[in-house]
Amino acid sequence: MTSFDANFDRQKLMYHPERVAEWMQRGVTSGPLYTEFELCSFCNCRCVFCGVDYIVGVSHEEIDVAAAKRVLGELARLGNRAVMFAGHGESLLHSRAGEIIAHGSGLMSTSVTTNGITLDEAGVELIDGLEWIRFSVNAGSPESYARVHGVSPKLFDRALHNIELAVRRKRERDLDVTVGVQLVLIDENADSVMDLGVRVKDIGVDYFSVKPYSQHPLGKKQRTVDYDRLGEIEKPVRALADSSFRVIYRAGSVAKVGREKPYKECYGTHFLCFISADGDVWECNVFAGDPRFRIGNVREEELAAIWTGRRRKEVLDFLHKDMEIASCRDVCRMDECNRYLWRLKHPWAHDDFI
């Protein structure tokens, strides 16, 4: 349980020493290690805390199935180890999401982050080849769910029912997939966190995660959350845990909100790739939509050419010479990786005395 919990707030690059060594020696990598793949750009929720409200609803893109399969093959050949199907939109709204995800699962480790609203009996088989699926449920009652997700209160029960379908399929087929539920803790849902924790524990998910809100640098909505005040929920929610149900209150991430970063450059993008539904490839998943970070399009050229191309070199130069790290997101997915890589690139005195 302890190692599983720790993986939520820690980086795992040390488990890929050959790829880190390649970057240390050459300053670049031959391909991504991990990719986030957006299958469609539209979403069926309008969450009050949405970090990508600047782009959701602007386009209605759905990546072509043949193109998606080709790109997954290219990723595998580049040595990419894992894909998370997620993005600015709700990937399971793609008309053939299950087919694409199953194809990816045959090539590498795969996962899905979803609100679960559309994962019904007909589509739940997509979990069969996944390493994990995480449901984003951000309230514990129909009323608060409607308020936070910007949808009908009826969809709360539908989402929980679909989580039940996933748990049932996992058990009936003895699947290795980890089924989890995650909540972004904000003022609007603080009073229903325990209710949700109890419900998903009864359903039989493997874990319940509570994470902090992080202001997106491009987001239209601006909010602050007082986690010193909301932190009182940590102890009772952790008490729900038992031998078959993990509770991950992401205290490590909470502690980073509003704090200065201990590194001056972002190195993590050397190991991560983000592909949006229109085929654009972005050096940084947080700044997808900002043309300064666009490195190519998989509809126009192969991913290998994009990864080693002139445009990506220009973006990397910008990241390392001109990008102000303070303008990045507080709890960025690459934060712990950057802490680790910065430490490697900037050794301390007496490091050779191992």
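This is a predicted model: local features need pLDDT of at least 70, side-chain atom pairs count only at pLDDT 80 or more; totals for chains, interfaces and linings use all residues.
## Helices H3 and H4

Helix H3 covers residues 65–77 and helix H4 covers residues 97–105. Their axes come within 10 Å and cross at roughly 15°. Angles under 35 degrees count as roughly parallel, and H3 and H4 are therefore roughly parallel to each other. The crossing in which H3 passes H4 is right-handed.

On the H3 side, the contact is made by Val65, Ala68, Lys69 and Leu72. On the H4 side, Glu99, Ile100, His103 and Gly104 take part. Sorted by class, the residues in this contact of H3 with H4 are 4 nonpolar, 2 polar and 2 charged.

## Helices H6 and H7

Helix H6 (residues 154–173) and helix H7 (residues 193–203) have axes that come within 9 Å. These axes cross at roughly 35°.

From H6, the residues in the contact are Phe156, Asp157, Leu160, Ile163, Glu164, Val167 and Arg171. They meet Leu196, Arg199, Val200 and Ile203 in H7. The contact of H6 with H7 holds 7 nonpolar and 4 charged residues, with no polar ones.

## Helices H2 and H13

Helix H2 is made of residues 17–26, and helix H13 of residues 335–345. The two axes come within 11 Å and cross at roughly 50°, which makes H2 oblique to H13. The crossing of H2 and H13 is right-handed.

Val20, Trp23 and Met24 of H2 make the contact with Leu341, Leu344 and Lys345 of H13. In this contact of H2 with H13 there are 5 nonpolar residues, no polar residues and 1 charged residue.

## The cavity

Rolling a probe the size of a water molecule over the atoms shows where empty space is left. The count comes to 1 cavity of 30 Å³ or more. The largest cavity holds about 140 Å³ of space.

This largest cavity is lined by 19 residues, and the closest to its centre are Cys266, Cys284, Cys328, Cys332 and Asn338. The lining of the largest cavity divides into 13 nonpolar, 3 polar and 3 charged residues.

## The second largest pocket

The second largest pocket contains about 240 Å³ of space. Its lining has 19 residues, and those nearest the centre of the pocket are Ala97, Gly98, Glu99, Gly123 and Leu126. By class, the lining of the second largest pocket has 7 nonpolar, 7 polar and 5 charged residues.

Glu99 lies among the residues nearest the centre of this pocket, and Glu99 of H4 is also part of the contact with H3.

Note on methods:
Residues are numbered from 1 along each chain as its sequence is written. Side-chain values use heavy atoms; hydrogens and water are left out. Axes are lines fitted to C-alpha atoms, for helices over the stretch in contact, and angles run from 0 to 180 degrees between N-to-C directions. Helices (H or I, at least four residues) and strands (E, at least two) are DSSP runs, numbered from the N terminus. Angles under 35 degrees count as roughly parallel, over 145 as roughly antiparallel, 65 to 115 as roughly perpendicular and the rest as oblique. A crossing is left-handed if the near helix is turned anticlockwise from the far one by less than a right angle, and right-handed if clockwise. Contact means heavy atoms within 4.5 Å. Ala, Val, Leu, Ile, Met, Phe, Trp, Tyr, Cys and Pro count as nonpolar, Asp, Glu, Lys and Arg as charged, and the others, Gly among them, as polar. On a 1 Å grid over the protein atoms alone, a cavity is a set of points where a 1.4 Å probe fits but cannot get out, and a pocket is an open set with protein on both sides within 12 Å along at least five of seven lines; lining residues have an atom within 4 Å of a point. Grid points are joined across faces, edges and corners, and a volume is the space filled by probe spheres set on the points.
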